[in-house]
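Here is a short report for a reader new to this structure. Have the sequence and the model at hand.

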Amino acid sequence: MDKLRPFGTIIDDVLLPTFGVYAPFILAKEAEIRSTRRETHQYGFAPRQQLDIYYPDKEPVAPFSAKPVLVFLYGGGFVSGNKVNQDFAHGLVFGNLGHFFASRYGFTVIVADYRLLAHGAKYPSGGEDVKLVVEWIKGTLSQKPGYESIDLFLMGNSAGGIHVTTYLVDPGFKESKDSVMAEGRTGPGVLLRGVILLGVPYHWGREDNAVLRAYTGDGMVYENSVMGVLKRQKQKGAEPTLPGAKIYMLVCELDPDFIISSSIEFRDEWKSVDIKREMLDSHNHISPQLGLGTGIEREEAWGVQVAEFVKSGASK
């Protein structure tokens, strides 16, 4: 972490150097990371729509009365990313994240691939993929013995966080979202209990480039940002709500300025939802997820914070 500051805050500039810093720490824990059982499943209609599920080797500790399931969507600027990064550290990322939460806390962890621009992604396809993951959990995972009652937590980083937030605020997903929401648990089933948003750009300011136009649509870069969608719903008198769930918003000290500033704007705009915002000191846009599974207390501290948030949202 101490080596990150000289890399700056521009995402393209920090990417490869940050991977280089963390590779030795992740590789040193390869055997432990690979010890966590992983299965791959198809969750949607497209070949790209696959997920890895990491199973704990122990039951979660109190206060859980339902099975905690944490879904993670990585970043990649709409153009890159995979649930297993074969080009880095022997393909241990994002297995390191799955291993960390499964082995230490007894969470069941899902890391999902979603459609990129190369697969025809266009707003709101990211929200559609999140919806399909939720439907797979409801229709398939919940049928597995021991998973009849699931406390669901969605976590998204960068573009993955945009897709998670799209699912929460776009009215096209209201029916799906409402099906997993309630103030409290009254029986078995899947309930969304919390959302973790890590380094998410809630809008891009004045930025208007070919990638953003390809995903959001020409002339719709702000309108189809999650901030734009939220404001549009509020203007219609239909501000989204999240009964029974809270949001944990994390930004990194070395994130680009537009991510840091837009997180404050989004938190202040979405007044109907309980949003806690915290800064991760000395981390950049790439580093938090790479620090998990390294066994280094300072690097894994943010994961401990996320686990405590998950515990606080558990069905009582």
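## A buried serine, the sheet and its helices

S263 counts as buried, at 0% relative accessibility. Buried means under 20% relative accessible area, exposed means over 50%, and partly exposed lies in between, with a 1.4 Å probe and protein chains only.

This is a predicted model, in which local features need pLDDT of at least 70, side-chain atom pairs count only at pLDDT 80 or more, and totals for chains, interfaces and linings use all residues. Residues are numbered from 1 along each chain as its sequence is written, and side-chain values use heavy atoms, with hydrogens and water left out.

S263 sits in helix 9. Helices (H or I, at least four residues) and strands (E, at least two) are DSSP runs, numbered from the N terminus. A polar atom of the S263 side chain lies 2.6 Å from the backbone oxygen of I260. Not counting residues up to four places away in sequence, S263 touches Y202, M249, V251 and R277. Contact means heavy atoms within 4.5 Å.

Axes are lines fitted to C-alpha atoms, for helices over the stretch in contact, and angles run from 0 to 180 degrees between N-to-C directions.

Two strands pair if DSSP finds at least two bridges between them.

How well covered is strand 3? Mostly: 7 of its 7 residues are buried. On one side these are K67, V69, V71 and L73; on the other they are P68, L70 and F72.

| Item | Partner | Detail |
|---|---|---|
| Strand 3 (residues 67-73) | Strand 5 (residues 149-157) | parallel, 7 bridges |
| Strand 3 | Strand 4 | parallel, 4 bridges |
| F72 | M155 | in strand 5 |

Next comes a loop residue. D113 is found between strand 4 (108-112) and helix 4 (125-139). D113 is buried, with a relative accessible area of 7%. Its side chain makes a polar contact with the side chain of Y74, at 2.5 Å. A polar contact is a pair of N or O atoms within 3.5 Å; within protein, one must be able to donate a hydrogen and the other to accept it, and residues adjacent in sequence count only if both atoms are side-chain atoms. Leaving aside neighbours within four places in sequence, the contacts of D113 are Y43, R48, Q49, Q50, Y74, N82 and K83.

Last, a helix pair. Helix 5 (residues 159-169) and helix 8 (residues 226-235) pack at an angle of about 10°, with axes 10 Å apart. The two are therefore roughly parallel to each other. Angles under 35 degrees count as roughly parallel, over 145 as roughly antiparallel, 65 to 115 as roughly perpendicular and the rest as oblique. Helix 5 contributes I162, T165, T166 and V169 to the contact, and helix 8 contributes V226, V229, L230 and Q233.
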